[in-house]
Amino acid sequence: MAILSLRARHLPVALAVVMTTGIIVSYSVSVARKDVTALLPFISDTGATQPASAWFGLFMNMAAFIAGLLIYIRYKQCVAYAEYENRIARANSWSLLFGGLSAFGMMIVGNFQDNRQSSIHLIGAFLVFVGAQLYGGVQTWIAARLGQDYVPLRAALIAAAVVIFLLGTVLQAVAVSKLPDLDAIEGNCTVVVSDSKPNRPWPGYWPDCLPGYELHVAASFCEWILSALFLAYFMFYARDLRDVPVALIVSVHGQMPEISS
């Protein structure tokens, strides 16, 4: 008995809705409480403090589940399409690994706030962004081999993601290097201190009175664009998976019903 049935093409839309809603909710709560600056904070910083962290973790966990499901369905589709193509099969297995690591990284980012467990949070962010870029690159190559649509656009999205990721990483690294110690801050400049580095201002709350503010905003802008590019890439699956049914099945006495196409 199938207790839940839908088309796989609906999952990319669900992913976009869940992620966008989570970001909007955590951003709104954090800005209202003045936990982050209103102008382009890092996405994960909007979910670093209570109560926004609870909402951010909830939505990121849901998004990670949907993303993981999408990645696995796409993997199974490519297995069926390239049953006798060894190169595609190997690439497809690698893409499953990269995509799974990226989805797992989303859960880490959502559940380990960077003002408390910064090292674990950064590992999660690395898995999300680097894993997603590797996944997208491999899947773009597979799409080209399978003769699917919009391959040049897919490749352009991934190329742009790589450039923006590198640019944002460099900008933020330079910006953080400009942060002074607390005793060196002069004037009426309000800062927030993290648990991981109590002698330095927390980069999640970066007022314009601190050095490196402009670089921080530019790096944060890169992260927002990067996230949008990844969501745009997953939207291609709405077309690729348009004829793929997905069902949650309860088997009685070991009898597996067929799923109608």
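Gln77 is buried, with a relative accessible area of 7%, where buried stands for under 20% relative accessible area, exposed for over 50%, and partly exposed for what lies in between (1.4 Å probe, protein chains only). This residue has its place in helix α2, helices being DSSP runs of H or I with at least four residues and strands runs of E with at least two, both numbered from the N terminus. Leaving aside residues up to four places away in sequence, Gln77 touches Asp240, Leu241 and Val244, a contact being heavy atoms within 4.5 Å.

## Basis of the model

The model is a predicted one, in which local features need pLDDT of at least 70 and side-chain atom pairs count only at pLDDT 80 or more, while totals for chains, interfaces and linings use all residues. Residues are numbered from 1 along each chain as its sequence is written, and side-chain values use heavy atoms, with hydrogens and water left out.

## Overall architecture

The secondary structure of the protein consists of seven helices and two strands, which follow one another along the sequence in the pattern β-α-α-α-α-α-α-α-β. Taken along the principal axes, the box filled by the C-alpha atoms is roughly 70 × 40 × 25 Å. Of the 261 residues in the protein, 45% are buried, and among contacts with a separation of 6 or more, 71% are between residues 24 or more positions apart.

The accessible surface of the protein comes to about 13,500 Å², and carbon and sulfur atoms account for 65% of that surface; accessible areas come from the Shrake-Rupley method with a 1.4 Å probe, and for residues only the protein chains shown count as cover.

## Charges and salt bridges

There are 16 positive and 16 negative side chains in the protein, the centres of the two sets lying 10 Å apart. Here Lys and Arg count as positive and Asp and Glu as negative, without His and the chain ends, and each charge is placed at NZ of Lys, CZ of Arg, CG of Asp or CD of Glu. Side chains of opposite charge can pair when their charged atoms come close. With a salt bridge defined as a side-chain nitrogen of Lys or Arg within 4 Å of a carboxyl oxygen of Asp or Glu, the count comes to four.

Asp240, one of the residues that Gln77 touches, meets Arg154 in a salt bridge at 2.8 Å, N to O. This pair links distant parts of the chain, with Arg154 in helix α5 (residues 151-177) and Asp240 in helix α7 (residues 237-240), 86 residues apart. Both Arg154 and Asp240 are buried, and salt bridges that share partners join Arg74, Arg154 and Asp240 into one network.

The side chains of Arg145 and Glu85 also meet in a salt bridge, at 3.9 Å from N to O. Arg145 lies in helix α4 (residues 118-146) and Glu85 in the loop between α2 (52-81) and α3 (86-111), so that this pair, 60 residues apart, likewise links distant parts of the chain. Arg145 counts as partly exposed at 39% relative accessibility, and Glu85 is partly exposed with a relative accessible area of 39%. In the salt bridge between Asp35 and Arg33, the closest N and O atoms are 3.1 Å apart; Asp35 counts as buried at 15% relative accessibility, whereas Arg33 counts as partly exposed at 46%.

## A nonpolar surface patch

Val13, Val17 and Met235 form a nonpolar patch on the surface, and together have about 230 Å² of accessible area. Patches are made of residues with over 30% relative accessible area and no salt bridge, like charges being joined within 9 Å and nonpolar side chains (Val, Leu, Ile, Met, Phe, Trp, Tyr) within 5 Å. Val13 lies in helix α1 (residues 10-32) and is partly exposed, with a relative accessible area of 42%.
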